[in-house]
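I'd like to talk about aromatic rings today.

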Amino acid sequence: EKELSEGADLQSLLKRIIKARKLQVNMRALDDEIRFCEKSRCIKPDRSHYCSVSKACVLKMDHFCPWVNVTVGFSNYKSFLLFLMYTELYTMYVAFTSLPYFITLWNHHDDGGPDVSTAERMNLIFLFFIAALFCFGVWSLLGFHLYLLFTNKTTLESSRAPIMFYGKDKKAFRLSWRENFRQVMGPSPWKWFLPINNSIGDGVSYPLRPRGSEGDHLLEGAMRMEEGNSDVEITEVRD
């Protein structure tokens, strides 16, 4: 902070810190500079964003969920997915088990039907409609997040492509669909559907998609641009 107050160039200082600590920083800000969080006063790791609700820089931030009152990110994205899955299964169970009773009441609404009170009828009808409504609603949200899971994106990245050191790339972190799945759900199949945080990685650095696919010319051009400037460590993996 003393250097900053004396007018030192922020970007030069950030590059020196990255080089000294051997940090992996592949993403850039809109002005093609190293991302720096003014609120938390730190270099932003790849895929991290500042959450104005939780007042923190969140690793691999996806979104703030008002239903569970927490910011969804690297540390709890698997738990959020399982929450959606189990909620969907529960609402499907309630909707399908109450459907026969709802049909019976509907078919006999004129002749009195089964010997049940009005309150019981209303409770059953209300139960079925609420369960069906939540079933369709949660399914649409779950479907979207399954798409994000298998394409290795976050909600923020699906609306705006990440800006990498070589330019915008909406598939920057996409590996094979199996690796995308394992990065979030973990390497052990026995723990995939348990609320245990065993996601792969540290939430700070992420492998980039391999070369040889679309956008190769961007990567090659970027390496030429980065030639002679080794301040930022670039990491790329192959299957």
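So, F150 is partly exposed, at 31% relative accessibility; that label covers the range between buried, under 20% relative accessible area, and exposed, over 50%, with a 1.4 Å probe and protein chains only. Quick caveat: this is a predicted model, where local features need pLDDT of at least 70, side-chain atom pairs count only at pLDDT 80 or more, and totals for chains, interfaces and linings use all residues. Residues are numbered from 1 along each chain as its sequence is written, and side-chain values use heavy atoms, with hydrogens and water left out.

How many aromatic pairs does a search of the whole structure find? Nine, where a pair means Phe, Tyr or Trp rings (the six-membered one for Trp) with centres within 6.5 Å. F150 and F181 have ring centres 5.7 Å apart and planes at 20°, so they're stacked, which takes planes under 30 degrees apart; over 60 is edge-to-face, and the rest are tilted. F150 sits in helix α4 and F181 in helix α6, so the pair ties together parts 31 residues apart in sequence. Helices here are DSSP runs of H or I, at least four residues, numbered from the N terminus. F181 is buried, at 14%.

Next, F173 and Y206: that pair is edge-to-face, 6.1 Å centre to centre with 75° between the planes. Both F173 and Y206 are buried.

And what about R47? R47 lies over the face of F173, 4.3 Å from the ring centre, and over the face of Y206 at 5.0 Å. For Arg, that needs CZ within 6 Å of the ring centre and within 35 degrees of the ring normal; for Lys, the atom is NZ.

Key
Helices (H or I, at least four residues) and strands (E, at least two) are DSSP runs, numbered from the N terminus.
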